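Hi,

Here is the structure I said I would pass on. Have a look at it first, and then read my notes below.

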Amino acid sequence: MSNKRFPGLVSGPVQERDRSRNPLWKIRRFVFGGFLLGLLGVIALLAYNFNFVDLPDDISESLQEENVICASDVTENCTVDNAMAAGATVDEDRELIEPEDFDEVPQIFIDALLSAEDKTFYTHSGVEASSLVRAAGRSAMALAGRGGVVQGGSTITQQYVKKAYIDEKNTSTWKRKTMDPVLALKLEQRLADEIPECSSGDKKRCVKNEILRRYLNTVYFGRNGSNLAYGLKVASKTYFGKENMQELTLEEAAYLVVTLRAPESASLGTDGSFIGDPKQLRFRIDATLGLMLKEGYITEADIAKAQADMDANASPDKYDGVGLPTFVEARTTDTKTKGSDFGSRYFVDATNQELAELAESGDVRQGGLKVYTTLDLAKQEQAHKTVTNYVKADNPQMPNAALVSVDSNGLVRAMVGGTNYQERQFNYARDGYTQVGSLNKTFGLAVALEQGLSMNSLLVAPSEMVFPKANGGEDWVVGGGISDFPDEQQPKYGNLREATERSWNTAYAQLIQLEQVGPPRVAAKIEEFGIRAVPESQQVPSLILGVNGATPMEMASAYSTFEREGVKVDPVIIEKIENSRGEVICWYPSNGKCESKSAERPQRKATQIIDAEIARQINGALVDVVKSGTGKNANQIPHAAGKTGTTQDYQAAWFAGFSCDLTTTVMMGYEGELRMSDAVNQAKGNDVLPMRELFGDNASSKGNITSGLPAKMWGDYMKAIDKPACNGINVSTNYTGNVLGQELVTNLDVCGAVPVPQPQPDPNQPGNPNQQLPVDPTQPGNGQQQPGQPQQKLEDLVLPDGRVISADQLRFLSEEQIEQLKNGGQLRNGLRNGQVQNVSFSGSLAFQEQVAQQPAQPCLVYEGNGRWVSSNSAANPAGPATSMPETTVPETTMPETTMSETTLPETTQKVPTTRDQPPTTLQSSTTEEGVEPTVDESSTTKKEEEPGRPTSPRKPNGN
């Protein structure tokens, strides 16, 4: 191979590359040939369309019609007469720019639009030559199989014909992209023939003005709250309150042009904040001003004034401190919405948001739509009545509240987004991300069972545990365990079903730290259930206790998956959409996409995300929560299951549950510093009425609102509404898999043999032979000698399984218990310093015995990963008698589910905005219901209320 020198400054020898070694070089002719054939194909298709495709009927008039929104009682022929709501913005129809009014369009807006969208609009003939060549090249590559999509140009004329002349539902993408340049040319030709000479004498300009007028009447400018802005006239009034378009300022005109590219991300949410990133929005406004300067429409002085006016509006409390135009508050006057007196306006807003997202994605074009929603007005009315029965709309010191009901087909049947729409339009049901508390335990349980652990696995559940270095390098203090007895230092234990029923935090804190469970798997499972991705910063052990956020709508859908025995169906608020001609164009839309566009009703898309048997086992635990656990306030109907949740520092309280084919979530809570606990509010200096003054007997004696109130609201609502006949919830007790910690049940000598303290005489009666042992004298066989009776003589007892119980130990058992032991029965829990503690028989939490407290150190020490060892090595020379071994799960332990293992994606925390708003509190601390908090901002403790049981006042707080 020859050496060559490059000319110029490079004088060294350079070796030629051997291109024959490049595989792409070898097929260069085929690639070029494919590209050329594709290009010729596109040209031929354009020529065919130009000669044989006529300009169809203009459907832009239907785009200017108002939409009608019907509740679920209307299944066909939705009209203004039977609609729940009508109108593009619900409270007003569209306003059009008539031909004679075109001069009212401000020139400053036209200049901004043409600078950003179509610089040669007034000179081209419908298609801009360079963009057409570029589009043809990309289309040719796509047709040649080189990737990409068939693309057209982007002139204003082409954008208009795509809206007004092409039926997107019945036209393939590649055909549509090759049709719009042809139709754009033909439209301008037709208008040139139809439009008479105009006053300016420039017929081409008159044609262009007519196209621009039609475009500005049909284009979507986004929304302010629930008020949709279709057309320039409505947009100027919706965003800036200007009845006269000519009053638009330079920065306002630039903003409206920016909304055309991404209407939803540039829109204002129902709470007045931007849905997208305000910083990006300001960048795009400035870029538009720069384009106007480049085209000579404005001067640098004009830009400086516009930017100064925007910067004057900058505030740390609004739009992240970014300077933007001055917006008016969204209008809330409502005279058309059926059911607005019981909160249906929140649902209508959510429907309009869904329609806006569909318009932005291109799945559905707005105008003249017949929208059939899932809302059951009877259920909606009862839901609103239930919520406002407790959370009064006219009391500003009340917390926010939301309720969502989802049926077994994923259809949202009721949605209470707040208690006073006129005061606040923010929809807490759909958009209110709040920490979820102990609702996460159910997802952690699903992971544990999938990983092969048995529901019979046992976990020690003391009232408090400290996990060294588990909270970002700090010690993690967790409160909330078995609180049946005053002395809570002695570790006690129960199986996973009982830990769920009673919501024992210390048990679940151990569960998530097992190697086969872990925060990443739990985070992935939460996302798999349809809840927003958990940020990496929250993938910590306290995730199991609910430091992440979810909306009530997401949580209702997630728990309905358990009701469907592990089958996930996305929640929807719209069943179907018809166009102005009554043709079905969309089924079950969600997040801006139609689930189907078929003419016939499709089956809902569903995914089995956990094994049905696992779901049935979890359902059994959730039934117990309602029957005898933390959710007893919801036990007002047969066949009920659910889970309670109280969040960090009593900020919010939840109940999510289901009965046969209806799942309902109730959430109530405060924003900012206010809390649903008198003690926390007092410590923070929060000015709010005492909880008992706000909620009466529904507040605990400690002045807290826990998940017991949402559970009661849930029960009230589910009891009042009409529900289909139901035979019960499918549950299972076929507990397979690895049983963790089973030695805790069988090994009574867990702490070794320690001498039993001798009884002391009554000091008031010297010499009295009656033994005054520190036990309950009302219970027989507790080691208490009855007056006038001789000392009972006992011998060591050898059990059928070979264990030996000493006579001293038997003194603390009743005769009935001794007989059961002789017959092979087992005692739950072990000894403390040689004495039987908290005695009951396997399978029950109704402890039958209690001995008096004695100062003693815990006899078990937690070593991590489920391991507990005896702290009394001297009395236990054989080594630890009780441990939860690290478990290796065989592949055959559990049947495989239909979903592959979820890989947790990397997540990025977004800027807090309406639907993307993260939970208000993001600390990795934990809470648990029903325990009076000590006011300690650094505490990471959480405790769940067990109704009717004494609780410790030593640590905070909710479920």
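Predicted model: local features only at pLDDT ≥ 70, side-chain atom pairs only at ≥ 80, totals over all residues.

Helix α20 covers residues 552–563. Among its buried residues are Pro552, Met553, Tyr559 and Phe562, and the list also includes Glu554 and Glu563. Just after α20 comes Glu565, which has a positive phi of about 60°.

Next, the charged pairs. Side chains of opposite charge can pair when their charged atoms come close. Searching the whole structure turns up 32 salt bridges. Here are a few you can look up:

- Asp407 and Arg413 meet through their side chains, at 3.2 Å from N to O. Both Asp407 and Arg413 are buried.
- Lys568 pairs with Asp570, and their closest N and O atoms are 2.5 Å apart. Lys568 counts as buried because its relative accessibility is 16%, under the 20% cut-off. Asp570, with a relative accessible area of 35%, is partly exposed.
- Glu613 pairs with Arg616, with 3.3 Å between the closest N and O atoms. Both residues sit in helix α21 (residues 612–628), 3 residues apart, or about one turn of the helix. Glu613 is buried at a relative accessible area of 17%, while Arg616 is partly exposed at 22%.
- Glu354, Glu357, Arg430 and Asp431 are joined in a network of salt bridges.

Finally, a hairpin. Which strands form it? They are β5 and β6, with 2 residues between them. Gly225, in the turn, has a positive phi of about 65°. Strand β5 (residues 220–224) pairs with β6 in the antiparallel sense, over 3 bridges.

Strand β6 itself runs over residues 227–230. Asn227 and Ala229 point one way from the strand, whereas Leu228 and Tyr230 point the other way. Are these residues buried or exposed? All of them are buried, on either side of β6.

Cheers

Technical notes. Residues numbered from 1 in each chain as written. Heavy atoms only, no water. Helix = DSSP H or I, 4+ residues; strand = E, 2+ residues; numbered from the N terminus. Expected span 1.5 Å × (residues − 1). Buried < 20%, exposed > 50% of the residue type's maximum accessible area, 1.4 Å probe, protein only. Salt bridge = Lys/Arg side-chain N within 4 Å of Asp/Glu carboxyl O. Pairing = 2+ DSSP bridges.
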